[in-house]
Each structure stands twice: as C-alpha cells, then as structure tokens.
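Please look through the following model with attention to side-chain contacts and helix packing.

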Amino acid sequence: MKNLSTKKRIVQNAVLLDTVKSRLNDAATSTVPEVLSRLGSRLTGLSENEVREQVHHFGKNAITKGKKKSLGRRIAEAFINPFTAILIALALVSAATDMVFPALSLLGNTPEDFDPLTVIIILTMVVLSGTLRFVQESRSGNAAEKLLAMITITCTVTRRNQPKIELPLDEVVPGDIIHLSSGDMVPCDVRILEAKDFFVNESSLTGESEGVEDEKDMVLLGYLAFLDPPKESTAEAIRALKNHGVETKILTGDNEKVTRTICRQVGLKVNSMILGSQLENMSDEELSRVVEKTQVFAKLTPDQKARVVTCLRQNGHTVGFMGDGINDAQAMKVSDVGISVDSTVDIAKESADIILLEKDLMVLEEGIVEGRKTDANMIKYIKMTASSNFGNMFSVLAASALLPFLPMMSVHLIFLNLIYDLSCTAIPWDNVDEEFLAIPRKWDASSVGNFMIWIGPTSSIFDFTTYIFMYFVFCPLFVSNGVLFNDLANHFAGSELEMMQFKYAAMFQAGWFIESMWSQTLIIHMIRTPKLPFIQSRASLPLTLLTFTGIAVLTVIPFTPFGTMLGFAALPASYFAYLVSCILLYMMLATSLKKAYVRHYGELL
C-alpha cells in the first residue's frame with residue numbers, strides 16, 4: 001500500500017509539472033490579447049469581484065512552508081527530549097523499587113517501605129521543565145511571527161478604478177497587471193507586456209555571474225542629480241561602534257570625491273582609500289593584506305564589494321554589511337550578518353538577515369550590546385553549570401567510596417538540582433560588566449573544559465571538609481555521644497542501633513545538602529564576573545532574589561515535616577557557625593583561583 005501511495009504521488013507531481021510547463025509555454029508564446037483573455041484580465045486590471053474569485057480559486061500567492069505546528073505537537077516536543085527521557089526512566093525505576101515492590105511485598109520489601117516521594121519529585125521536574133520549555137518556545141515563536149509581520153514585501157499593481165496600488169506579494173492574483181521597477185522582486189510567473197530598459201538578475205537561476213539586459217540602441221537624453229545625505233545619527237553610531245571594538249569600513253560604488261565628502265560629514269577620517277580599478281588587478285593574497293589597513297573602498301562594483309567582504313571573513317573577522325540598494329545585495333549575502341532598512345528595495349530586504357525598522361542607526365549599538373549580554377550570560381550558565389556538576393560528581397563518587405552510607409540520597413540530589421536550576425532561570429537577565437561589553441568575543445568550546453578543571457574541584461575541597469566535619473565531629477557530638485558511625489555496633493544493638501545509624505546518616509545528609517546548595521548557588525555570583533562579587537560587580541535583582549530564595553528554601557527544608565519525609569534530621573544552630581566560616585573560606589579560595597585563571601587565560605568567560 002505504501003509503494004502504491006508513493007507511485008501515485010509521483011504520477012500526480014509529474015502531471016502537475018507538465019501542466020505548469022504547458023501553461024508557461026502558452027503564456028510565453030501567445031499574443032498579449034490571448035494571454036489576457038485566457039486569464040480573464042485586461043490592461044486596466046481586475047475588478048474587486050474578479051480578485052475575490054481568483055483568490056477563491058487559486059488561493060494566496062504564498063509559498064507553503066508547511067503547516068503551523070499544532071498545540072498537541074508543540075506540547076509533545078516540549079516534553080519529549082533526552083533530559084525528560086532520563087527522568088522518566090528514573091521515575092519508572094523508582095516506582096518499581098519504592099512503590100510496586102513494597103506494595104506486592106517483593107524482594108524482601110514490605111508495605112511499610114512504600115514511598116512515592118521520589119517519583120513525585122521526578123515527575124514534578126518533568127512537568128516543570130516541559131512547561132518552561134513550552135512557554136519559552138511559544139513566546140519566542142510568537143515574537144518571531146510578530147517581527148516578520150512588521151516587514152512586508154510589496155508590489156505595484158493596476159486594478160479597476162485604481163491605476164497603481166501597493167499590495168503585499170501574497171495578495172497578488174493571476175491576471176493582475178504588475179508594475180516592476182529597479183530592485184523589485186518578481187512576485188510570480190509573469191508575462192512581460194511592456195518594458196523599458198528591462199534588466200533581470202537571473203544569476204541565481206542560471207549560475208551566470210552577470211545579469212541579462214533585453215535585446216540595445218539606448219539614447220542619452222540627459223543627466224539626473226540625486227541628493228542622498230547621510231543619516232543624522234551616522235556620526236554618533238560610528239563613534240559608538242568604535243567604542244565597542246567594531247571597526248567601520250566604507251564600501252561604496254560612489255566616486256572618490258563624493259566618498260571623501262560623505263566621510264567628512266560623518267566624522268570618518270580617510271587615511272587610505274582603494275578604488276575598484278585598483279582592486280580589480282589585485283590577487284586574493286594581496287587583497288587580504290590590503291583590506292586590513294584600508295578603511296574606504298570607492299567605485300566598487302557589486303562583485304568587488306562581495307570580494308572585499310569575503311576577504312575580511314577569510315582573515316578571521318566577523319563581518320556585518322549594511323546596505324540599502326540593489327548593488328549591496330550580493331555583499332549582504334556573503335557577509336556574516338546582512339543588515340538593511342525597511343524602506344529599501346525588495347531585493348536588499350530579501351538578502352538581509354536583520355532589517356532595521358527605525359531610522360536611527362544607534363539601534364546598531366543596542367543590538368551589539370544586547371547580543372554581547374546574551375553571549376556573556378549563555379557562557380556564564382554553561383561554565384558555572386559544568387564546573388558545579390563536575391565538582392558535585394567528584395564529591396559524590398569519592399564520598400560513596402569512602403563513607404559507610406550514601407552522602408546524599410538520589411531524591412536529595414534530584415531536589416537539590418531542581419531548586420538550583422530554577423535559581424538559574426534568571427541568568428539570561430543578569431547584568432554584564434561594561435568591560436566584557438567593550439570588545440567582541442569569540443566562542444571557544446575548549447575554555448569550558450579548562451574552566452571546569454580549574455573551578456570545579458574548588459567546591460569538592462569544601463565538600464570533603466564538610467564530610468570530615470560532619471562525620472568525625474558534628475554527628476558524633478549531637479547524635480551518638482561521641483561514637484563514630486563505624487563503632488555504633490559496638491555500643492548499641494537492635495532498634496536502638498538502627499535509630500542511631502538512621503539519625504547519624506540523616507544529620508550528615510542534611511548538613512551536606514545545605515552546604516551544597518550554598519556553595520553551588522553562591523558560585524553563580526563568584527564566577528559571573530572577574531571582579532569581586534557583591535562589591536565591585538552586582539548581579540541583577542531577579543538573579544539575586546532567585547538565588548537567595550533558593551538558598552533560603554533549601555536551608556529551611558531539613559527543619560520541616562517535608563524534610564523529615566525526605567529523610568533529613570534537623571540540625572543544631574551551631575552547625576551554621578561552621579557553615580558560614582566554610583562558605584567564606586570557599587569564596588576566598590574561589591576568588592583566588594578565579595584571578596589565577598584570568599592571569600593564565602586572559603579572561604574569565
């Protein structure tokens with residue numbers, strides 16, 4: 001059945017393709033009156049009723065890019081990913097060991113061992129993570145759609161009683177009389193009824209490097225002069241970009257005199273200028289050297305603009321190209337980021353990655369600053385999470401091998417990470433030091449490994465300190481009258497021994513649980529900046545509130561009935577004297593290692 005369905009689609013597509021080819025051939029070879037008659041149109045354009053009929057019959061003039069994802073599919077994609085798959089697998093295992101086996105009295109379990117808490121916490125994490133992802137992706141998708149709706153590509157058509165009107169491309173219907181001018185995009189398959197100085201760039205279809213100019217005999221009638229002054233904000237924008245480490249180069253088709261005048265008006269010193277005629281004779285190797293020290297390129301062809309941009313990129317630069325004309329489209333396409341404005345020709349807007357909706361060029365500075373903030377906060381999260389997880393993993397593995405009981409139960413680790421991850425959700429809105437924003441940065445994946453190895457073990461040092469303190473000092477002092485866990489069997493027996501062992505482990509786990517949250521959360525403030533945290537550089541209010549709320553919540557848990565359900569024992573107040581001194585020493589060591597890391601690698605993030 002599947003093969004028959006595939007063959008049927010192939011046949012249908014072949015028939016459709018033949019039909020399209022036949023229609024195009026008829027439109028190209030028939031006379032103008034025949035084409036208009038076939039489409040039910042005329043040179044004065046279609047009426048509104050005829051337009052509605054055409055839309056009803058043919059639909060919108062828009063390429064189908066696939067149906068919008070349904071609500072169900074978006075929910076499924078938010079909840080089905082490797083992270084939630086692991087959590088669901090853990091929930092199934094926990095459901096079997098903590099609920100099914102005790103309920104059925106299997107493998108030595110009894111109904112009294114029934115404990116659904118771990119399953120509840122894991123499923124809560126699944127619901128929270130999936131919900132957050134769904135909400136964030138929905139918001140970003142809606143924002144993208146709204147932005148796209150603000151940018152429209154239009155064309156000029158003649159309709160009955162309306163000689164020339166501007167319409168969005170998707171409102172054009174078969175039979176419309178379309179007027180094209182320089183830089184316009186051809187909105188559909190068209191039959192040329194009348195043309196003057198007709199020029200079509202068909203290189204994207206044929207592979208030719210030059211456009212095609214229809215059939216000669218042009219007569220010079222005169223000259224036109226154009227006034228195209230620079231925008232008022234240009235000079236300020238150039239200075240702002242320079243302050244952020246962005247060098248401005250001029251690539252223009254204007255002659256050298258006009259170019260020098262414009263540069264002078266915008267406060268740009270012309271120390272060196274290369275003309276297109278000079279560039280034409282340069283090899284790629286020579287040009288790669290010239291582009292580094294040349295600030296202004298004048299009398300360039302579109303191909304030469306693209307060549308200069310390509311050379312800059314090959315030299316390792318990230319290149320943004322801003323243009324608003326037909327001759328800029330090629331350079332925008334080969335740049336890292338093509339920038340245009342909403343009021344320019346269609347081909348420039350189609351070639352651009354970013355379209356400015358405001359006339360003020362200072363939005364370029366805003367875009368750079370926001371982009372660098374996003375980059376900085378992304379790097380912060382990756383590095384702090386990698387180093388924190390590395391330190392915790394090392395601590396748990398070492399403690400599991402050395403201690404006679406688990407340093408922290410799986411449900412404790414899951415709950416700890418849940419609260420920590422919720423605290424991290426404010427990192428995208430964190431403040432970024434001005435020094436970081438001042439110069440461009442490049443992502444270096446190897447720096448994550450270096451950072452993890454340098455900073456990660458720092459927390460492990462104080463984890464081990466906590467282990468030693470809790471095991472040899474605190475728990476014996478407040479639980480077993482000075483008796484160590486390994487010696488409990490020599491002093492107690494039966495239910496009293498079990499109670500002592502449980503309280504010993506419960507107090508140990510509560511102590512490390514709180515210390516882990518304090519160290520894991522405060523490291524966010526330590527490594528978000530190379531400066532002294534809280535003094536020289538402060539986190540944003542949302543991040544500060546969330547992180548300290550997380551610390552407060554997890555600190556209180558062992559003293560609540562919920563903490564008792566998790567298997568914790570309430571800690572004496574004297575524990576916090578140790579905790580504060582431990583965290584202060586941890587922050588001092590982290591600051592020292594952070595400074596050493598910056599001296600060694602040149603930067604923190």
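The side chain of Ser233 reaches the backbone nitrogen of Leu361 at 2.9 Å, where a polar contact is a pair of N or O atoms within 3.5 Å, one able to donate a hydrogen and the other to accept it, and residues adjacent in sequence count only if both atoms are side-chain atoms. This is a predicted model, in which local features need pLDDT of at least 70 and side-chain atom pairs count only at pLDDT 80 or more, while totals for chains, interfaces and linings use all residues. Residues are numbered from 1 along each chain as its sequence is written, and side-chain values use heavy atoms, without hydrogens and water.

Ser233 sits in the loop between β5 (212-213) and α8 (234-243); helices (H or I, at least four residues) and strands (E, at least two) are DSSP runs numbered from the N terminus. Ser233 counts as buried because its relative accessibility is 10% (buried is under 20% relative accessible area, exposed over 50%, partly exposed in between, with a 1.4 Å probe and protein chains only). Leaving aside residues up to four places away in sequence, Ser233 touches Lys359, Asp360, Leu361 and Met362 (contact means heavy atoms within 4.5 Å).

Helix α15 (residues 363-402) passes α20 in a right-handed crossing (the near helix is turned clockwise from the far one by less than a right angle). Met384, Ser387, Ser388, Asn392, Ser395 and Val396 of α15 meet Trp512, Gln520, Ile524 and Ile527 of α20.

Asp189 lies in the loop between β3 (177-179) and β4 (199-200). Asp189 is exposed, at 62% relative accessible area. Asp189 and Leu24 are 165 residues apart in sequence, yet their C-alpha atoms are 8.0 Å apart in space.

Technical notes. Axes fitted to C-alpha atoms, helices over the stretch in contact; angles between N-to-C directions.
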